[in-house]
Each structure stands twice: as structure tokens, then as C-alpha cells.
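Biologist: I've got a model on my screen and a few things I'd like to ask about it. Can we go through them one at a time?

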Amino acid sequence: MSAPARYNRLSISLHWITLLLIVVVYAMMEFKDFFPKDSPEREFMKMMHFSFGLTILALTLVRLATRLFQRSPAITPEPAAWERIVARLTHVALYAMLIALPLLAWFGINAYGGTVHVWGIALPALTGVDKALGETVLDTHELIANAGYALIGLHALAALKHHYISRDDTLRRMLPLRA
């Protein structure tokens, strides 16, 4: 069986919805500081950050499941071996980040003594209170999130490089509309 020419609609939709939610999640944390601590606006932004973050986790798990059952479309013309290796490592890093960040936040908030609310529903605690551990875990979450800017940027630049320099179909395989 040959590989399809494009990703299926579900994979394409999940990819772009995930990107949109990532933008929202990052924006919520970047702009929360415009509001005073403990203000309703700031608390709303934090709740939306948690809600969208855990929604990204759920979508990522669905994306991984779809990858198990669908062959990735071949890139035409085929990229160099080193490019395929870098692409695979970047995708692994992106998926690891999309899974680790929400779980680290949930665990860290619980360890710090807080409760995570997603879409208004309190989630069960993943651990007991240990503020030192909570601070370490949340610092790790922030470090990975900051590295995420570079990782996401690398992914986007690679897609543009493939499209405009290599002139292959890497980007077209994932575009929502047929290009």
C-alpha cells in the first residue's frame, strides 16, 4: 500500500487547531501580567491557560493515536537523510513538549497546594502538597515552555524552508486547503 499524497482531514484539523490553542495558551500567560495579582481577569486567564493546555494534551493524544493508524505522506522530492532525522527528532520533541507541559503544570500546581480547574471542573490532585517540589516542577514547566518558542519556530521555519527553498511538498501535505 502506498503512502497518501496528503495527511487526512482529521490530522490536518488537529494540527492547526493545536497550533491555534498553543497561541492562546502562550498569550494567556504572556498577557496575564497586565492585570493585578488575584484579580478576576488574571484568574480567568490562568483558568483558560489550564483549560486550553489540558485540551492540547487531549488533542495530542488523539493525534498520536491517528499516527498509529495512518501512514505519513511521502515528501516529494525526498529530503536528505539528515533532514529526515532532524524532522523526526523535532516532531518527537514537539509531542513530548505537548504532553509534558500540561502534566507538569497539573502536578506542580497540586504540589504547590492548588487545584487545577478545567472548563470549570476541578481535577483530582496528582500529588500531595510539597511546595518546594511544586516550585521546582513549575519552574521546569516554564523552562520547557520558553524552549517551546524556539522549537515551534524551528518547526515553522523548516516548513517554510521546504516550501520556498527545497520546493518540495512538505508544507502542502499539511495545509487545510488543497494547494
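Biologist: Let's start with Leu143. Which helix does Leu143 lie in?

Modeller: Keep in mind that this is a predicted model. The stretch to look at is residues 131–166, and Leu143 falls inside that run. The element is helix H4.

Biologist: Is Leu143 buried or exposed?

Modeller: The cut-off for exposed is over 50% relative accessible area. Leu143 has a relative accessible area of 61%, so Leu143 counts as exposed.

Biologist: How far apart in space are Leu143 and Leu101?

Modeller: Along the sequence, 42 residues separate Leu143 and Leu101. In space, going C-alpha to C-alpha, the distance is 9.8 Å.

Biologist: Now the inside. Which residues have the most contacts inside the largest nonpolar core?

Modeller: That core has 17 residues. Helix H1 (9–31), helix H2 (40–69), helix H3 (81–112) and H4 each give two or more residues to this core. H1 provides the largest share, six residues. The residues with the most contacts inside the core are Leu21, Ile22, Tyr26, Phe52, Ile56, Met97 and Leu98.

Biologist: Take Leu98, then. Which residues is Leu98 in contact with, leaving aside its neighbours within four places in sequence?

Modeller: Contact here means heavy atoms within 4.5 Å. With the sequence neighbours set aside, the partners of Leu98 are Thr18, Ile22, Ile56, Leu57, Thr60 and Arg63.

Biologist: How many residues are in the second, separate core?

Modeller: Leu54, Leu57, Val116 and Val118 are among its members. The count for this second core is seven residues.

Biologist: Stepping back, what pattern does the protein follow along the sequence?

Modeller: The secondary structure comes to four helices and two strands. Read in sequence order, the pattern is α-α-α-β-β-α.

Biologist: What share of the contacts between residues at least 6 apart in sequence join residues at least 24 apart?

Modeller: The chain has 179 residues, and 35% of them count as buried. Taking contacts between residues at least 6 apart, the share that join residues at least 24 apart is 72%.

Biologist: How far apart do the centres of the positive and negative side chains lie?

Modeller: There are 17 positive side chains and 13 negative ones. The centres of the two sets are separated by 14 Å.

Biologist: Last one, on confidence. Which element has the highest mean pLDDT?

Modeller: Overall, the protein averages a pLDDT of 94, and 97% of the residues score at least 70. Among the elements, strand E1 (residues 117–118) has the lowest mean, 93. The highest mean, 97, belongs to H3.

Technical notes
Residues numbered from 1 in each chain as written. Predicted model: local features only at pLDDT ≥ 70, side-chain atom pairs only at ≥ 80, totals over all residues. Heavy atoms only, no water. Buried < 20%, exposed > 50% of the residue type's maximum accessible area, 1.4 Å probe, protein only. Lys, Arg positive; Asp, Glu negative; His and termini not counted. Charge placed at Lys NZ, Arg CZ, Asp CG, Glu CD. Core = buried A, V, L, I, M, F, W, Y, C linked by side-chain atoms within 4.5 Å. pLDDT = per-residue confidence, 0-100.
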